[in-house]
Amino acid sequence: MKIRFLFIIILIGSSLQAQPVKSPLVFKDRLQRISEENIFKTQGYFNWCSSVIKGDDDKYHLFYSRWPKKYTFLSWLTHSEVAHAVADNPQGPWEYKETVLQSRGKGHWDAITVHNPKIKKFGDKYYLYYVSTNLGDKDYTEEELIETARVGYSHPNWKEYLRPNQRTGVAVAESISGPWKRMDHPLIEPSGPIATLAVNPAVAQGKDGKFYLIVKGDKPNETRFIRNQAVAVSDSPIGPFEMQEKPVIDYLDTEDMSVWYDQKRSYFYGVFHAHNFIGMVCSPDGIHWEKATEYELMPKKIRMKSGSEIEPDRMERPFVYTENGEPQVISLAVKKDDEAYIVFIPVKEQELPVHQELKQE
């Protein structure tokens, strides 16, 4: 009987060892309820696309998209700018400081709108990644841009020029306060796993010193409206980036990756939004990605300390701010009725160290 019992234990142990081990980052149960000071609104503007970094001044710096309400919500594609706010805490409250990037005008690849900012510091320089577009050689007026925003998706300018001309670029500065020097060309063109456009940039540096840029585009050879996530690799934060053949996500329509490299766990993590939830993927090398152990991070609801819940019309652009290797805040862009604002959800610190290996199901 003892021999049979020992044999069973050995079989179970061998089976568990044969299963690939996933990285054990889990923080779904540590997301806290929010208060009004965790909500960042600006009168007269829609706020969107958050990215947070801690400065040398020990302040927290938020780079985000905003655009005038008077041109409608869809004017993000025609009139967005990148603004800078400051706080003493990554949870907020935030105070607007300045606008740092605006449309560069005719003759530039980033002629129209500046959107999707991601702020990073590599070495002694700051890198502000962003998305912009243009109308090619087509002449246009400000009134035509306003009309395009008001009509939206069906406007010829939207379909034929503005959407397919969206690309990712970067501006570089030696100080978090600028001045910001832009490049004359986008960082990357759509190819491989993505087509049409290259947007929603997210960048992380791996332990190998290389830079991993995740961007979104249309799924190739697909008649339905489905987007893929792809990854490109470079030896420099300003490129050139080489697109990888294997997609990050091609099994679900997703957007808006936030990516970081966790040195403690030796793993890359990426948080994205799908239509009904915020999800997380992971990778040991930045190229081969899979669903994380904690794949569905949160539903399309935000809990308030008052006991109520925000049920957004849209909940997008997740960003995970980490400090000392651990998530501190997850920020989200929320559209509710005629308001659009950024919500900062505190992540409770793990009180005791967890050394449990989580097995892949």
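This is a predicted model: local features need pLDDT of at least 70, side-chain atom pairs count only at pLDDT 80 or more; totals for chains, interfaces and linings use all residues.
Which strand supplies the largest share of the lining of the largest cavity?

**View 1. The largest cavity and its lining.** The largest share of the lining of the largest cavity comes from β7, which contributes three residues. The space inside the largest cavity amounts to about 80 Å³. Its lining is made up of C49, S50, N116, P117, K118, N200, P201, D256, M257, R317 and P318. At least two lining residues of this cavity come from each of β3, β7, β11, β15 and β21. Divided by class, the lining of the largest cavity holds five nonpolar, three polar and three charged residues.

**View 2. D256, a residue with positive phi in the cavity lining.** D256, one of the residues that line the largest cavity, is found in strand β15 (residues 255-262). Although D256 is not a glycine, its phi is positive, near 65 degrees. Most residues other than glycine have a negative phi. D256 is buried, with a relative accessible area of 3%.

**View 3. The second largest cavity.** By the rule applied here, the structure has two cavities of 30 Å³ or more. The second largest cavity has a volume of about 30 Å³. H273, A274, H275, N276, F277, I278, K300 and M315 line the second largest cavity. Four of these lining residues are nonpolar, three are polar and one is charged.

**View 4. The largest pocket.** The largest pocket holds about 750 Å³ of space. Its lining consists of 29 residues, and those nearest the pocket centre are K120, K121, W260, Y261 and T322. At least two residues of the pocket lining are supplied by each of β3, β7 (112-122), β11 (195-205), β15 and β21 (314-323). The lining of the largest pocket comprises 14 nonpolar, seven polar and eight charged residues.

**View 5. The open sheet that contains β3.** Four strands form this open sheet in the order β3-β4-β5-β6, and their pairing is antiparallel. Strands of a sheet pair through backbone hydrogen bonds, either parallel or antiparallel. Between β3 and strand β4 (residues 60-68), which run antiparallel, there are eight bridges. In this pairing, K54 stands opposite Y60 in β4.

**View 6. D58, in the loop between β3 and β4.** D58 lies in the loop between β3 and β4. Its phi is positive, about 65 degrees, although D58 is not a glycine. D58 is exposed, with a relative accessible area of 55%, whereas D256, which also has a positive phi, is buried.

View 7. The whole structure contains 22 aromatic pairs. One of them is the edge-to-face pair of W48 and W67, with 6.4 Å from centre to centre and 70 degrees between the planes. This pair links distant parts of the chain, since W48 in strand β3 and W67 in strand β4 are 19 residues apart. Both W48 and W67 are buried. W48 also forms an edge-to-face pair with F73, at 5.3 Å centre to centre and with 80 degrees between the planes. W48 lies in strand β3 and F73 in the loop between β4 and α2 (76-79), so this pair ties together parts 25 residues apart in sequence. F73 is buried, as is W48. Together, F46, W48, W67 and F73 form one aromatic cluster.

**View 8. The open sheet that contains β21.** This open sheet has four strands in the order β2-β23-β22-β21, with antiparallel pairing. Its edge strands, β2 (39-40) and β21, each pair on one side only. Two bridges connect β2 and strand β23 (residues 339-346) in the antiparallel sense. I39 stands opposite V343 in β23.

**View 9. Two cis peptide bonds.** The peptide bond from G178 to P179 is cis, with omega near 5 degrees. P179 is found in the loop between β9 (167-173) and β10 (181-182). The peptide bond from G239 to P240 is also cis, with omega near 5 degrees. P240 is found in the loop between β13 (227-234) and β14 (242-243). Most peptide bonds are trans.

How values were computed:
Residues are numbered from 1 along each chain as its sequence is written. Side-chain values use heavy atoms; hydrogens and water are left out. Two strands pair if DSSP finds at least two bridges between them. Buried means under 20% relative accessible area, exposed over 50%, partly exposed in between (1.4 Å probe, protein chains only). On a 1 Å grid over the protein atoms alone, a cavity is a set of points where a 1.4 Å probe fits but cannot get out, and a pocket is an open set with protein on both sides within 12 Å along at least five of seven lines; lining residues have an atom within 4 Å of a point. Grid points are joined across faces, edges and corners, and a volume is the space filled by probe spheres set on the points. Ala, Val, Leu, Ile, Met, Phe, Trp, Tyr, Cys and Pro count as nonpolar, Asp, Glu, Lys and Arg as charged, and the others, Gly among them, as polar. Rings of Phe, Tyr and Trp (its six-membered ring) pair if their centres lie within 6.5 Å; planes under 30 degrees apart count as stacked, over 60 as edge-to-face and the rest as tilted.
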